[in-house]
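Work through these exercises with the model open. Each task is followed by its solution, in steps.

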Amino acid sequence: MHEGTMTETHRDKPWLIRTYAGHSTAKASNALYRGNLAKGQTGLSVAFDLPTQTGYDSDHILARGEVGKVGVPVCHLGDMRALFDQIPLDQMNTSMTINATAPWLLALYIAVAEEQGADIAALQGTVQNDLIKEYLSRGTYICPPNPSLKMIGDVAEYCYTHVPKWNPMNVCSYHLQEAGATPEQELAFALATAVAVLDELKPRVPEADFPALAARISFFVNAGIRFVTEMCKMRAFVDLWDEILRDRFGISDPKYRRFRYGVQVNSLGLTEQQPENNVYRILIEMLAVTLSKNARARAVQLPAWNEALGLPRPWDQQWSMRMQQIMAYETDLLEYDDLFDGNPAVDRKVEALKDGARAELANLDSMGGAIGAIDYMKARLVDSNAERLNRIERNETIVIGVNRFTSTEPSPLATEDGGIMVVDPAVEQEQINRLNAWRTERDGPKAEAALAELRAAAREGRNVMPPSIACAKAGVTTGEWAAQMRNVYGEYRGPTGVSRSVSNRTEGLDDIRAAVDAVSDRLGRRLRFLVGKPGLDGHSNGAEQIAFRARDCGMEIDYEGIRLTPEEIVNAAKNGAHVVGLSILSGSHIPLVEDMMTRLRDAGLGHIPVIVGGIIPDDDAKRLSAMGVAKIYTPKHFELNVIMQDIVTLVDANSIAAA
């Protein structure tokens, strides 16, 4: 007993071991899931492609080049059926990373479970269903904030009554950290989101039922490389959530105030340079959410070492899964009580984080809560991310292989396939063919009637879950379901967080600002830089930081945010752009850039230099250069001032050639 506080026979159960996965087609993803389950994975975590996440069918113009790239396309009940073929859903715990279309994907999941003969009340799992963070960091929103909050409430209310073991929402701070949030911002912005959701839910159920409904709200968090701080952040989350539920919502029973969370450790810090180092980063980050028993994750999914390069292969995912299994089954971690209780250094850090988060929560409250503070939170995240990148550029934050210890041996992990999986471009047309066949073979009038009832429910303010399930069974498609939401609630363009006002941030930029001034004088007007995000990729951090720095360097910037068609970006270029920068992180750069270059030439704008940034393998970079792209940047190009100088040089050379 002297080696621990538990008997040798007692051992805590491991957390749920998951791998975030999905690609190409429902059939291919199903094979991947069954393979991972056979290797010891204990829960599923479904990645959907961007058209599915943003409510478009695979044949929509905005879906071009995006089908099956960052997840699995699910257009209708047949796709969902194929995705879970031979996987008994009543024995599974399934997490679905889905937000704007969460009511719809959950409806499809329920419909498939019923087909399998499952007891719906016994289903276990989670839909992420956090739209507020989508406006701030990930970009897969559809509707404005208030109707989005209403749909979050619809899912939670329906699940409480019909699927009581299901988590109807993950308050998702993961992407806040990816967008640059400090630990205090991550705590405050996530908890403010949770408060907004609970305020929405409280009037929907009898007062006596509210504590149990509140207890179903779970969290999905991020754990970065500063693992002591991250561990303290998790302990702060536990304390603050308990405090909010007790003091603000009057929930007296401690069991309903438990902080339940799943985690994926940080992908933001994974590097393209020396990517084998990412294995250590992932392991160290996992410690933050497993070492402290009183703040231990309920479910863990780990990225693969090569996610900064492209789509991981099954072996890469297996390697990350084995990391979890070794921690859970080989070590003695689960045999001990909390290792950090009473540690004065930990207690001090936790209290400091809580104080900072409480101050920020009070600030958000003064703005009307999370919904009222969306513009403020977005601007703060862009500022925090800019400061994070500045610290790396100034070598104040050390990243091994990036700004310190950069000499390296070639990696044997990058084999003849480039070290990543590449989705066959033919997958998109095959998916479209299956979609067209589905539409042809379904009962058309039945689908139309189901859509009419869904539209009526939305207009009348009724819960959209029952008619969504009816639509799923009637063969309605993802795009058709989302079209009703767009029709009734409208669409929304979130804030960019990047001000067009003249910047007073000049530290270290004097030479570049002078160069911008000189080129602008030669042009006869201010150098104008158009930043565009074509396609459905909503990860806007890179584009925002490029626009932010270009503004600080004295350029005039045009940046309208995410989800633009190539045609819209070309039309924006007609307003006098001297250079066009495209940011695409979803892997759809080849078809989107090809379309852009053709449209620019057709519009008589082929002389404008185009630069492209994203996760772009070397072979693809050569293809982009052959299309006429002037410069290509990947995650290894972390020095933004070098990119700024490149832009000035390109525009200057172009102006001289034109003269």
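A cavity is a set of points on a 1 Å grid over the protein atoms alone where a 1.4 Å probe fits but cannot get out; a pocket is an open set with protein on both sides within 12 Å along at least five of seven lines; lining residues have an atom within 4 Å of a point. Grid points are joined across faces, edges and corners, and a volume is the space filled by probe spheres set on the points. The model is predicted: local features need pLDDT of at least 70, side-chain atom pairs count only at pLDDT 80 or more, and totals for chains, interfaces and linings use all residues. Residues are numbered from 1 along each chain as its sequence is written, and side-chain values use heavy atoms, with hydrogens and water left out.

**Exercise 1. Characterise the second largest pocket.**

Step 1: volume. The second largest pocket holds about 590 Å³ of space.

Step 2: lining. It has 27 lining residues; Leu16, Asn93, Asn167, Arg298 and Ala299 lie nearest its centre. Among the elements that give two or more residues are strand S1 (16-18), strand S4 (93-97) and strand S10 (299-301).

Step 3: classes. This pocket lining has 10 nonpolar, 11 polar and six charged residues.

**Exercise 2. Locate salt bridges and judge the exposure of their partners.**

Step 1: criteria. A salt bridge is a side-chain nitrogen of Lys or Arg within 4 Å of a carboxyl oxygen of Asp or Glu. Buried means under 20% relative accessible area, exposed over 50%, and partly exposed in between (1.4 Å probe, protein chains only).

Step 2: count. The whole structure has 47 salt bridges.

Step 3: Arginine 439 and aspartate 59 meet at 2.9 Å, N to O. Arginine 439 sits in helix H15 (residues 426-441), and aspartate 59 in the loop between helix H2 (50-54) and helix H3 (77-83); the two are 380 residues apart. Arginine 439 counts as partly exposed because its relative accessible area is 25%. Aspartate 59, at 34%, is also partly exposed.

Step 4: a pair within a helix. Glutamate 134 and arginine 138 form a salt bridge of 3.4 Å, N to O. They are four residues apart in helix H5, so about one helical turn separates them.

Step 5: The closest N and O atoms of arginine 313 and aspartate 316 are 2.8 Å apart in their salt bridge. Aspartate 316 has a relative accessible area of 0% and so is buried. Arginine 313 is buried too, at 13%.

Step 6: a network. Salt bridges with shared partners join Lys150, Asp154, Glu157, Glu200 and Arg204.

**Exercise 3. Which residues, not glycine, have a positive phi, and are they buried or exposed?**

Step 1: glutamine 274. Its phi is about 45 degrees, and it is not a glycine. Glutamine 274 lies in the loop between S9 and H11. At 11% relative accessibility, it is buried.

Step 2: phenylalanine 405. Its phi is positive, about 55 degrees. Phenylalanine 405 lies in the loop between helix H14 (374-393) and H15. At 53% relative accessibility, it is exposed.

Terms used. Nonpolar A, V, L, I, M, F, W, Y, C, P; charged D, E, K, R; others polar.
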